[in-house]
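Here is a friendly briefing to read with the model open in your viewer. Have the sequence to hand as well.

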Amino acid sequence: MSQTSVQPPIINSVAKENKKMNSFLEFYKKLSKNKAALAGAFIIIVFILLAILAPMIAPYDPTKMSPADKLQGPSAEHWLGTDDKGRDILSRLLFGARISLTVGILSTLLGAAVGIGLGLVSGYYGRWIDSLIMRICDILLAFPGILLALAIVAILGASTTNVIIAVAFFAVPTFARIVRGSVLSVKKLEYIDAIRALGANDFRIIFRHILPNILSPIIVQATLYIASAIITASALSFLGMGTKPPTPEWGTMLSDGRSYIRQAPHITFFPGMVIFLVVIGFNLFGDGLRDALDPKTKK
């Protein structure tokens, strides 16, 4: 009797695990066929590893000045040359990856967390609260991202933490609108009505049954937004509103080298190149995720 009562839950559990495994294998199969997405993933992984291992692989102290070695081009001693203060560019790029990737990822996570919460409330409850949240989002989206970020940093002050807050602030309305649209389509499905009829409360319905089913567009948007966040953070630092010197940051390095772009173009070329590579890596990977997670995509 006990064996009979135990078998069905075990069978159901195994069936669920098999279904999850099949879904993952199908997703991986689609993603592995997209060579551009794999290239983007490779670029992202390489830069993340370089950022993590920066203290071990950087040949020089990124903040140590050596006036005698300033404005040197790429050589065996300094692979990517030195800047106007004699600092090794390769070392500064490696440590700068930590700042830029941290700002991009943390600002996206922070903006997504707030935006997802607002989108869930707006889409599920509707009525006046939906109108209020969406009108606020419309107002925020009316401002260009960099202009809104500049205004926030000008109010809060220039620092890495405030840059993260500013970039995250602009991400909120984008995630809120995406989540709201997904919630509106999912909450009309029959299984949601059945769960509600069984007595499930709103919290359980939203976070147990709606949110897991709308994660695909959220993941794709988050991956793509990291690229935009890195560009915005670099732009703020370039304008002197972000990470303060002598902390190595890619946007700051671009700003430092603009006065020597004719005399020593390598100072701006290499930071610009790594920004380009990271951004295109996240964009390629995000496009691949979108295609792999889209149920309408042909097998």
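## A cavity and its surroundings

The largest cavity is lined by Asp 83, Arg 87, Ile 89, Arg 92, Met 253, Asp 256 and Ile 267. On a 1 Å grid over the protein atoms alone, a cavity is a set of points where a 1.4 Å probe fits but cannot get out, and lining residues have an atom within 4 Å of a point. This is a predicted model, where local features need pLDDT of at least 70, side-chain atom pairs count only at pLDDT 80 or more, and totals for chains, interfaces and linings use all residues. Residues are numbered from 1 along each chain as its sequence is written, and side-chain values use heavy atoms, with hydrogens and water left out.

**The cavity**
- Searching the whole structure turns up one cavity of 30 Å³ or more.
- The largest cavity holds about 40 Å³ of space, a volume being the space filled by probe spheres set on the grid points, which are joined across faces, edges and corners.
- Its lining divides into three nonpolar, no polar and four charged residues (Ala, Val, Leu, Ile, Met, Phe, Trp, Tyr, Cys and Pro count as nonpolar, Asp, Glu, Lys and Arg as charged, and the others, Gly among them, as polar).
- Helix H4 (89-125) and helix H11 (250-257) each supply at least two residues of that lining; helices are DSSP runs (H or I, at least four residues), numbered from the N terminus, and strands are runs of E of at least two.

**Arg 87**
- Arg 87, one of the lining residues, is found in the loop between helix H3 (54-57) and H4.
- Arg 87 counts as buried because its relative accessibility is 2% (buried means under 20% relative accessible area, exposed over 50%, partly exposed in between, with a 1.4 Å probe and protein chains only).
- Beyond its neighbours within four places in sequence, Arg 87 is in contact (heavy atoms within 4.5 Å) with residues including Arg 92 and Asp 256.

**Helix H11**
- Six of the eight residues of H11 are buried, so this helix is largely enclosed by the rest of the structure.
- Met 253 is among the buried residues of H11, as are Trp 250 and Ser 255.
- Helix H2 (35-52), H4, helix H10 (215-238) and helix H12 (266-293) are what the buried residues of H11 pack against.
- At the start of H11, a side-chain oxygen of Glu 249 comes to within 2.7 Å of the backbone nitrogen of Gly 251.

**Backbone points to check**
- Leu 71 is not a glycine, yet has a positive phi of about 60°.
- Arg 127, also not a glycine, has a positive phi of about 55°.

Technical notes. 1 Å grid on protein atoms, 1.4 Å probe; cavity = no way out; pocket = protein on both sides within 12 Å on 5 of 7 lines; lining within 4 Å. Polar contact = N/O pair within 3.5 Å; in protein donor to acceptor, adjacent residues only side chain to side chain.
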